Amino acid sequence: MNPRKIFIIDDEFETREILSYNLKKEGFEVDTFTGALDTLELIENYKPDLIITDWLKFELDGLELCKKLKLNPATSSIPIIILSEKNEEVDIVTALEMVAEDYITKPFRMKELTTRIKKVLKREILKAHTPIIKKTEETISHLNKKYESSKIKFDKILIDKINHEVHVDDRFINLTYSEFKLLELLADRPGKVFTRSQIIESEFGSEYLVNERAIDVRMVGLRKKLGASGKLIKTIRSVGYKMCGV
């Protein structure tokens, strides 16, 4: 199997060198670039398995790069991780809403970044290798039952776990993968209080190294997208979150 190719876009020489050295040790094929604008054509032509980009300060910034790549059918499926010194909630939420798969603040721990990269790539492999289902009458009937049982209805929120879709009052809500998993976890067991550590472990596993504050940041974005229904998610001070009626 060919090594997974990663493009790194960062205007800091030291950051590019550290990332390149460590990721090559992990078996990845790595190419580094100083700016985003001159890499757009290369990304479309070579289609890396993952892009790590800084929130660049000149020409084309990281968010604009994300927009252009996600709007281009040839590159829309390439996962992106934003790497930045910006650590304000509004910056992180904005980046995740722009469909970056993850966001990591500088300075970063290499072990944490490597873990996140592997998690993102593993999800992409699972999506790409979803088996084609043979459409016999028996199979279709089974799938229909499974599909109905995979839906979670809570107040005005409808969660479709198979298609990874959420509707509020029949209105489609565009959630990131992490926001969807967070909502699914809470809605699947309404009334149960989940700690931030439990939320992190349920999605990424116990080896996922991340500040628990990241869950609070994700919650800000999720509640904003749910609108009035965001009030159904209650904050339990010093503990975590739960889903319950207004």
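The legends below describe close-up views of one predicted model.

Residues are numbered from 1 along each chain as its sequence is written, and side-chain values use heavy atoms, with hydrogens and water left out. In this predicted model, local features need pLDDT of at least 70 and side-chain atom pairs count only at pLDDT 80 or more, while totals for chains, interfaces and linings use all residues.

**View 1. The whole chain and its confidence.** The secondary structure comes to nine helices and twelve strands; helices (H or I, at least four residues) and strands (E, at least two) are DSSP runs, numbered from the N terminus. Of the 246 residues, 44% count as buried, where buried means under 20% relative accessible area, exposed over 50% and partly exposed in between (1.4 Å probe, protein chains only). The chain exposes about 13,800 Å², and carbon and sulfur atoms supply 51% of that area; accessible areas come from the Shrake-Rupley method with a 1.4 Å probe, and for residues only the protein chains shown count as cover. Contact means heavy atoms within 4.5 Å. Among contacts between residues at least 6 apart in sequence, 58% join residues at least 24 apart. The mean pLDDT (the predictor's confidence in each residue, from 0 to 100) is 83, and 83% of the residues reach 70 or more. Over residues 132-138 the pLDDT is below 50, and this stretch has four contacts in the model beyond near neighbours in sequence. Where pLDDT is low, the predicted coordinates should not be read in detail.

**View 2. The aromatic pair Trp55 and Tyr103.** The structure holds two aromatic pairs. Rings of Phe, Tyr and Trp (its six-membered ring) pair if their centres lie within 6.5 Å; planes under 30 degrees apart count as stacked, over 60 as edge-to-face and the rest as tilted. Trp55 and Tyr103 form an edge-to-face pair, with 6.4 Å from centre to centre and 80 degrees between the planes. This pair links distant parts of the chain, 48 residues apart: Trp55 is in the loop between β3 (50-54) and α3 (62-71), and Tyr103 is in strand β5 (residues 102-105). Trp55 is buried at a relative accessible area of 12%, and Tyr103 is buried at 6%.

**View 3. Lysines over aromatic rings.** Lys86 lies over the face of Trp55, at 4.9 Å from the ring centre. Lys192 lies over the face of Phe194, at 5.1 Å from the ring centre. A charge sits over a ring if NZ of Lys or CZ of Arg is within 6 Å of the ring centre and within 35 degrees of the ring normal.

**View 4. The largest nonpolar core.** A nonpolar core is a set of buried Ala, Val, Leu, Ile, Met, Phe, Trp, Tyr and Cys residues joined through side-chain atoms within 4.5 Å. Of the 25 residues in the largest one, Val166, Leu183 and Ile233 touch the most other members. Two or more residues each come from β6 (151-154), β7 (157-160), β8 (165-168), α7 (177-188), α8 (196-204), α9 (213-226) and β12 (240-243). The largest share, six residues, comes from α7. Apart from this core lies another, of 21 residues, among them Phe7, Ile9, Leu63 and Ala100. In soluble globular proteins, nonpolar side chains tend to be buried together.

**View 5. The surroundings of Ile233.** Leaving aside neighbours within four places in sequence, Ile233 is in contact with Leu183, Leu186, Met219, Leu222, Arg223, Leu226, Tyr241, Lys242 and Met243.

View 6. Lys47 lies in the loop between α2 (40-46) and β3, and its phi is near 45 degrees, a positive value in a residue other than glycine. Lys47 is partly exposed, with a relative accessible area of 44%. Pro48 is in the loop between α2 and β3 and is buried, with a relative accessible area of 4%. Pro48 and Phe7 are 41 residues apart in sequence and 6.4 Å apart in space, C-alpha to C-alpha. Beyond neighbours within four places in sequence, Pro48 is in contact with Lys5, Phe7, Ile43 and Ile78.

**View 7. The cis peptide bond at Pro107.** A cis peptide bond joins Lys106 and Pro107, with omega about -5 degrees. Pro107 is found in the loop between β5 and α5 (110-128).

**View 8. Ser238 in a loop.** Ser238 is in the loop between β11 (233-236) and β12. Its phi is near 65 degrees, a positive value in a residue other than glycine. Ser238 is exposed, with a relative accessible area of 73%.
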